[in-house]
Amino acid sequence: MYLLVIANLSPRAQDRFQWDDRIQRISDAVTSMRIPEARKWIQAERAARPDNLCLDILESHADLYELFFNESREAFKRSYPMFSKRIERFEEAAGDSPFRGYGLGVIHLCKAMAAIRFEKNLDAAWDIRKSYLYLRDNRRKHPGFSPNDVYFGLLSTLLGSLPNNYQWFLNIIGMTGDINGGISMVHGYILSKDPYRRVARDVALLVYPYLVVLYEGRPDKALKFLDQAGYDFRNNHLHAYMATNLQLVNNQARRSVETAEGIQKSDAYIDVPFWHFEKGFGYLNQMKLDPSEAEFLRFVGRYRGNFYMKDAYEKLSWIAYLRNDRKKADEYRKRVLENGSTVTDADKTAMRNAESGSWPHPLLLKARLLSDGGLFRESMEALKGKTMDDFQSPAHKAEFAYRIGRNQDLMGDRDLAIRHYDAAIGTGRDVRDYFAARSALQAALIFEERKDYTRANAYFKTALSMKEHPYKNSIDQKAKSGVYRCNMALKSINGRAAAR
């Protein structure tokens with residue numbers, strides 16, 4: 001048998017925390033999104049071992065994934081109270097099993113993430129704190145229990161990304177963050193060979209690439225990891241969704257569609273309408289308008305939640321706009337106003353654009369989509385012969401400069417890219433759009449890669465200084481992480497210089 005963990009001496013306590021091959025099989029099913037199948041196995045396992053609380057950990061993950069991807073408010077009403085009941089069972093369980101503190105930390109975190117999805121942010125903050133404290137204490141009591149590192153590393157990274165003026169408050173309530181240390185914990189667990197290496201492996205493989213992209217600013221490193229870490233994207237839908245998402249936002253539209261199309265089709269898996277959303281983007285960013293429209297229509301027709309509905313309808317309006325069908329474009333824009341929520345940056349931007357009554361410049365829109373899809377030369381060809389003087393508004397001038405700079409950046413001509421980024425910053429600083437802020441962020445990443453941390457820091461802070469623009473939350477998050485990395489690097493350099 002691969003793994004058998006029995007925490008305490010009494011038979012009753014032994015029954016409460018058993019993680020063996022049967023439990024691992026169910027865990028693998030849950031984290032592959034084979035949730036209908038996993039629930040059948042959980043039911044059978046409860047009949048055989050009703051006191052095994054490890055099943056509560058698995059059910060918490062299953063509930064979270066279903067709530068996250070399908071955003072059903074009816075399911076939320078049924079499932080959300082169950083997190084508290086599971087927590088109560090763990091709190092009542094006696095003994096010193098590492099799975100007790102681990103389970104409490106994991107279930108509180110699952111509950112928090114479900115709450116965030118349904119805009120219960122204060123409840124989420126409370127559960128995040130409890131999760132952190134349980135996992136921190138469990139690491140101290142059971143330092144050899146490596147699954148702690150996955151979730152504690154995730155929380156440490158998230159907390160470390162908060163601005164410095166919040167860190168004093170975190171210290172008061174017993175929480176501290178560490179971006180580099182947190183990411184290292186997750187990566188270290190992936191590489192570990194200890195007896196617990198499978199317990200949280202799928203979760204570690206899910207979160208690590210995101211952490212690398214968001215907090216190290218290294219999409220190249222994350223995409224390389226996806227290629228080398230032995231993922232099974234065909235059979236693990238959760239990992240495939242993560243890969244599709246990262247490929248999309250890092251200019252690999254063709255690969256994103258290939259990954260999404262390559263998943264195993266089976267009733268054993270939870271049905272996720274977001275696959276159509278992802279494929280719609282993948283096709284749109286290759287200017288394949290017909291299949292893109294079909295996928296977005298499938299998404300809005302099947303999805304019953306609010307997240308990204310405005311974004312999807314905006315993309316449908318763009319498709320009609322690019323076809324010069326203004327009547328249909330206006331119809332879809334009206335649906336942007338009527339459907340979905342404004343929680344995500346993308347939905348906020350779609351709403352703002354719809355309310356403005358203005359449309360993107362068609363040439364710049366085409367260049368943007370091609371660039372976002374990784375078709376940089378085709379994007380440059382679309383803009384061939386144009387200069388900033390060919391555009392009237394400051395927003396269009398800034399977008400043109402940013403788009404040229406971004407293509408040059410991604411094609412490897414970084415010095416020329418910085419010149420165009422600077423032009424976009426100068427022209428778009430006072431424009432309520434994201435081109436100046438994104439230009440500052442990208443220029444900062446170039447200088448950070450060159451180890452010019454002082455200039456990188458200045459550009460990161462320029463990005464942070466931009467007010468009231470779309471995608472501010474995501475750009476600010478990346479910029480804050482960049483400031484942290486640069487400050488740490490400068491501190492290390494100054495420390496070595498002082499030691500000489």
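I counted a residue as buried under 20% relative accessible area, exposed over 50% and partly exposed in between, with a 1.4 Å probe and protein chains only. I worked on a predicted model, where local features need pLDDT of at least 70, side-chain atom pairs count only at pLDDT 80 or more, and totals for chains, interfaces and linings use all residues. I numbered residues from 1 along each chain as its sequence is written, and side-chain values use heavy atoms, with hydrogens and water left out.

**Entry: ring pairs.** I paired rings of Phe, Tyr and Trp (its six-membered ring) if their centres lie within 6.5 Å; planes under 30 degrees apart are stacked, over 60 edge-to-face, the rest tilted. I found 37 aromatic pairs in the structure. I looked up Phe99 and Phe145: they pair edge-to-face, 4.9 Å between centres and 75° between planes. This pair links distant parts of the chain, 46 residues apart. Phe99 is in helix H6 (residues 98-117), and Phe145 is in the loop between helix H7 (121-141) and helix H8 (147-160). I took helices as DSSP runs (H or I, at least four residues), numbered from the N terminus. Both Phe99 and Phe145 are buried.

Why is the pair of Tyr132 and Phe152 tilted? Its planes are at 35°, with the centres 5.0 Å apart. Tyr132 in helix H7 and Phe152 in helix H8 are 20 residues apart. Tyr132 is buried at a relative accessible area of 3%, and Phe152 is buried at 6%.

**Entry: charge over ring.** I required NZ of Lys or CZ of Arg within 6 Å of the ring centre and within 35 degrees of the ring normal. Arg333 lies over the face of Trp359, 3.8 Å from the ring centre. The charged end of Arg86 sits over the ring of Phe83, 5.5 Å from its centre.

**Entry: helix H16.** I checked H16 (residues 289-302): its 14 residues reach 20 Å from first C-alpha to last, close to the 20 Å expected. The expected span is 1.5 Å times one less than the number of residues. Its buried residues include Phe296 and Phe299. Seen down the axis, the buried residues fall within an arc of 165°, so they line one face of H16. The arc uses directions from the helix axis to the C-beta atoms. Their cover includes helix H15 (274-284), helix H17 (309-322) and H18. Phe296 and Phe299 also belong to one aromatic cluster, with Phe307 and Tyr308 among its members.

**Entry: Thr344.** I found Thr344 in contact (heavy atoms within 4.5 Å) with Phe307 and Tyr308, leaving aside neighbours within four places in sequence. Thr344 is buried at 9%.

Definitions and conventions: Helix = DSSP H or I, 4+ residues; strand = E, 2+ residues; numbered from the N terminus.
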